[in-house]
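Subject: Structure handover

Hi,

Here is the structure we talked about. Please open it and keep it beside you while you read my notes.

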Amino acid sequence: MAGFVSHFTNRLDAKGRVSIPAPFRAVLARDGFEGLYAIASPHCGAIDAGGNELLSEIQGRLDQFSKLTPDHDALAMALFGVSETPKIDSDGRMMISDMVREHTGITDQVTFAGLGYKFQIWQPEKFREHRAEASKRALALLSGLVPGAAQPGEPA
């Protein structure tokens with residue numbers, strides 16, 4: 001598999017850095033993005049992170065709006081204007097910034113969760129709660145029980 005998969009929990013060091021899981025670093029290296037692209041998720045209390053594939057997805061969404069319009073500018077501000085590009089040091093660590101701490105509630109541990117084209121950065125307990133809810137939603141989606149959700153093969 002070429003994308004971000006599985007989940008890992010690591011401790012922050014005394015300087016507020018955390019090691020990005022080696023499998024995630026390998027995906028970023030193949031992707032060719034220098035460092036990391038990170039933004040507060042608009043859907044949950046996590047940080048969306050990744051490289052070129054995540055940026056391509058965001059740009060594709062933006063391209064659906066005419067440039068120099070309020071809608072385009074609002075979306076660009078939300079997706080690019082408040083993002084961060086933390087560097088990954090030679091030991092595979094990133095600094096956990098104030099933006100990440102404020103949005104996630106991270107204090108001493110970080111859970112990284114792969115979502116294929118991106119990964120998320122979570123406070124571990126919030127991840128466990130979200131994972132339980134996501135599992136319920138996924139089961140309902142697979143069972144066709146979520147009203148208004150596009151079914152496989154149908155347009156979204």
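Predicted model: local features only at pLDDT ≥ 70, side-chain atom pairs only at ≥ 80, totals over all residues.

Start with the buried residues of helix 2 (residues 52-62). What covers them includes strand 3, strand 4 and helix 3 (70-81). The buried residues of helix 2 are Leu-54, Leu-55, Ile-58 and Leu-62. They span an arc of only 95 degrees around the axis, so they sit on the same side of helix 2. The background is simple. An α-helix has 3.6 residues a turn, so residues three or four places apart point the same way.

As a reminder, strands of a sheet pair through backbone hydrogen bonds, either parallel or antiparallel.

Now look at individual pairings. Strand 1 and strand 6 run antiparallel and are joined by five bridges. Here Arg-11 stands opposite Gln-109 in strand 6. Strand 6 (residues 109-114) also pairs with strand 7 (residues 119-122), in the antiparallel sense, over four bridges. Phe-112 has Ile-121 in strand 7 as its bridge partner. Strand 6 and strand 7 form a hairpin, with four residues between them. Find Gly-116 in the turn: its phi is positive, about 85 degrees.

Then the aromatic rings. How many aromatic pairs does a search of the whole structure find? It finds seven. Take Phe-24 and Phe-119. Their ring centres are 5.0 Å apart and their planes are at 40 degrees, so the pair is tilted. Phe-24 lies in helix 1 and Phe-119 in strand 7, so this pair ties together parts that are 95 residues apart in sequence. Both Phe-24 and Phe-119 are buried. Phe-112 and Phe-119 make another pair, with centres 6.0 Å apart and planes at 55 degrees, so this one is tilted as well. Phe-112 is buried, like Phe-119. Ring pairs also build a cluster, which links Phe-4, Phe-8, Phe-24, Phe-112 and Phe-119.

One last stop: Ser-41. This residue lies in the loop between strand 3 and strand 4. Is Ser-41 buried or exposed? Its relative accessible area is 4%, so it counts as buried, for which the cut-off is under 20%. The side chain of Ser-41 reaches the backbone nitrogen of His-43 at 3.1 Å. Which residues is Ser-41 in contact with, leaving aside its neighbours within four places in sequence? They are Ala-46, Ile-47, Asp-48, His-103 and Gln-120.

Best wishes

Conventions. Residues numbered from 1 in each chain as written. Heavy atoms only, no water. Pairing = 2+ DSSP bridges. Helix = DSSP H or I, 4+ residues; strand = E, 2+ residues; numbered from the N terminus. Phe/Tyr/Trp six-rings, centres within 6.5 Å; stacked < 30°, edge-to-face > 60°. Buried < 20%, exposed > 50% of the residue type's maximum accessible area, 1.4 Å probe, protein only. Polar contact = N/O pair within 3.5 Å; in protein donor to acceptor, adjacent residues only side chain to side chain. Contact = heavy atoms within 4.5 Å. Arc of directions from axis to C-beta.
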